[in-house]
Amino acid sequence: MTAVSEPRSDAGLRLVTPGQRVTVRVPATSANLGPGYDSLGLALALYDTVTVETTDDGALSFDLSGEGADTLPRDETHLVVRTLDAALARLGYARSGLKLTAENVSPHGRGLGSSASATVAAVLAAAALVDSVDRPGRAWVLQLCSEIEGHPDNVAPAIFGSLALSWQDGDAFRTAVADVAPTVVPIVAIPDFELSTELARSLLPSSIPHGAAAANAGRAALLVHALTKDPSLLLPATEDYLHQSYRSSAMEPSARLIEQLRAEGHAAVVSGAGPTVLALADGAAEADEVQAAVERFAHQGADEADDRRGEPGLADGPATRWRVLRLAVDREGARVDLHPR
């Protein structure tokens, strides 16, 4: 489905050259990873793709498929368009017309970085469309994307791949990338309900005890070692003291699944703000066990929902449905292809 908006113009800015075409492929991401709140993020081999073509007619056409195709706008208000225009303006440019094609694979509102993916795709596309002498590096891309998102934990792994350790110095956002051990297998269990990041953040307390902060710092440090050097430590390394327990009421099925997986010895956490559950398996055999455990949990939930139906005072709502994906760590980050004219 394609939508077309009215022409637009931006006075005082150089126009990007019409007739260009750039394709950006961006991995999904999982932030926090348990104790790494707002600082750790992992790139996952699940990709959204955006192709941008510049035209000289001043119009916008938008072909959108996949996740969100039935609900997202296809005009100037779409996140990709707004971010592309903002990035071009930051570089001293504007565009005339655009033809956009977006193929969305990452689910929205589930804690897998879909908004960060769109932001990264738009900023990288803008950077590729300006004249080569004005083309910025990825440090600039990280800075702008982090400003737009408010924090770098999702955008950094989307840009650079692998495990990103991010922080802020004053107004500057920084990241360091670490190689993930080859035996680590991410499995995501995606429920059939959404949870907004704003709601998830609103449930957090304004302060926590000093002891909890100290314990969390130790687990976050251990997590970097476990992910890069010794995955046998992933279960204790993913213990969180900052955010997951406070958010559990907003994603009760996810909290119960995490509790069950961890009781069985698997490193399960909330992916980002949730409600997706991320399990970090050490090898293919444990990945099989995780998938089997999620399947048992889903069947158990369906049986319990059947048993509740018709009981006085209880709702007859359906059981949560889960989509389970066995992924790989993306080690490349966002890929940009500028097609020759």
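Buried means under 20% relative accessible area, exposed means over 50%, and partly exposed lies in between (1.4 Å probe, protein chains only). The model is predicted: local features need pLDDT of at least 70, side-chain atom pairs count only at pLDDT 80 or more, and totals for chains, interfaces and linings use all residues. Residues are numbered from 1 along each chain as its sequence is written, and side-chain values use heavy atoms, with hydrogens and water left out.

**Exercise 1.** Classify the burial of arginine 95 and of its salt-bridge partners glutamate 76 and aspartate 85.

Solution. 
- A salt bridge is a side-chain nitrogen of Lys or Arg within 4 Å of a carboxyl oxygen of Asp or Glu.
- The closest N and O atoms are 2.8 Å apart for arginine 95 and glutamate 76. This pair links the loop between strand S6 (93-94) and S7 to the loop between S5 and H1, 19 residues apart.
- Arginine 95 has 1% relative accessibility and therefore counts as buried; glutamate 76, at 26%, counts as partly exposed.
- For arginine 95 and aspartate 85, the closest N and O atoms are 2.9 Å apart. Aspartate 85 sits in helix H1, ten residues from arginine 95, and both residues are buried.

**Exercise 2.** Determine which side of helix H6 is buried and what it packs against.

Solution. 
- Helices (H or I, at least four residues) and strands (E, at least two) are DSSP runs, numbered from the N terminus.
- H6 covers residues 210-228. Its buried residues are Ala212, Asn216, Ala220, Leu223, Ala226, Leu227 and Thr228.
- They cover an arc of only 165° around the axis, taken from the directions from the axis to the C-beta atoms, so they lie on the same side of H6.
- On the other side, His210 and Ala221 are exposed.
- Among the elements that the buried residues pack against are strand S4 (36-55), strand S8 (163-169) and helix H7 (234-237).

Methods
Expected span 1.5 Å × (residues − 1). Contact = heavy atoms within 4.5 Å.
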